[in-house]
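Biologist: I'd like to go through this one with you. Can you take my questions as they come?

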Amino acid sequence: RDVTVEICAPVGDPGWMQAGMEESFNIVVRTFLHNARTGHDEGLIHYLPTSNGNWFKMYADNRATKQAIDILIMEVSPPDENGFCSFGFVAWEKRAFSTEARIIIAEVDDRQIRSRGDTSIHVSEIDCLVDISTHPATDEEADKVAARFEPERRDRAKEAALMMQPRLLRRVLPLIDEVEL
């Protein structure tokens, strides 16, 4: 009960944003995607408008409004030979939040890139590693995306769909017919 979950840009809903869960979970999102907008419009979740550079400001400035971060869940690459996992293609504020979190759960995705700069974390700083790697997108999945485009653009659309993170593509597929082109 009374658990606050702050999510950057939720693509899927693990069940927290459903009617009847509001007594257990206080959901705060920073970027609206389809399911977050629906949950907000139904009064089930809250929206906290922030820009990329301001997410961590209350912690960096040690403001009284900062809240303790009990658990940070983030995607990372598999560890390299020295035990470092990259924050991948969505590094944003992961370094900063990982220094504040009491517990870090890292979802390891073998399709994550190794980004440059201060964008990695050692396995010794992670409390739990969970492998979320999955098989690549199939031609059938990519064809469903491509079918939404004009015939002359379908090959490029299929190529783009096959390059997407498979888990993201699979979360988007059920919604694709709701998007008007």
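Biologist: Which residues of helix α4 are buried?

Modeller: This is a predicted model, where local features need pLDDT of at least 70, side-chain atom pairs count only at pLDDT 80 or more, and totals for chains, interfaces and linings use all residues. Residues are numbered from 1 along each chain as its sequence is written, and side-chain values use heavy atoms, with hydrogens and water left out. In α4 (residues 139-146; helices are DSSP runs of H or I, at least four residues), Glu141, Ala142, Val145 and Ala146 are buried, meaning under 20% relative accessible area with a 1.4 Å probe, protein chains only.

Biologist: Why do they line one face of the helix?

Modeller: Down the axis of α4, the buried residues fall within an arc of 140°, so they line one face. The arc is taken from the directions from the helix axis to the C-beta atoms.

Biologist: And what do they pack against?

Modeller: The buried residues of α4 pack against α5 (154-163) and α6 (166-172); contact is heavy atoms within 4.5 Å.

Biologist: Switching to Lys94: buried or exposed?

Modeller: Lys94, in helix α3 (residues 94-100), is buried and has no salt bridge, which would need a side-chain nitrogen of Lys or Arg within 4 Å of a carboxyl oxygen of Asp or Glu. The nearest side chain of opposite charge, Glu75, is 6.2 Å away.

Biologist: What does the side chain of Lys94 reach, then?

Modeller: The backbone oxygen of Glu75, at 2.8 Å.

Biologist: What else is Lys94 in contact with?

Modeller: Leaving aside neighbours within four places in sequence, Lys94 is in contact with Leu72, Met74, Glu75 and Phe87.

Terms used
Buried < 20%, exposed > 50% of the residue type's maximum accessible area, 1.4 Å probe, protein only. Helix = DSSP H or I, 4+ residues; strand = E, 2+ residues; numbered from the N terminus. Lys, Arg positive; Asp, Glu negative; His and termini not counted. Polar contact = N/O pair within 3.5 Å; in protein donor to acceptor, adjacent residues only side chain to side chain.
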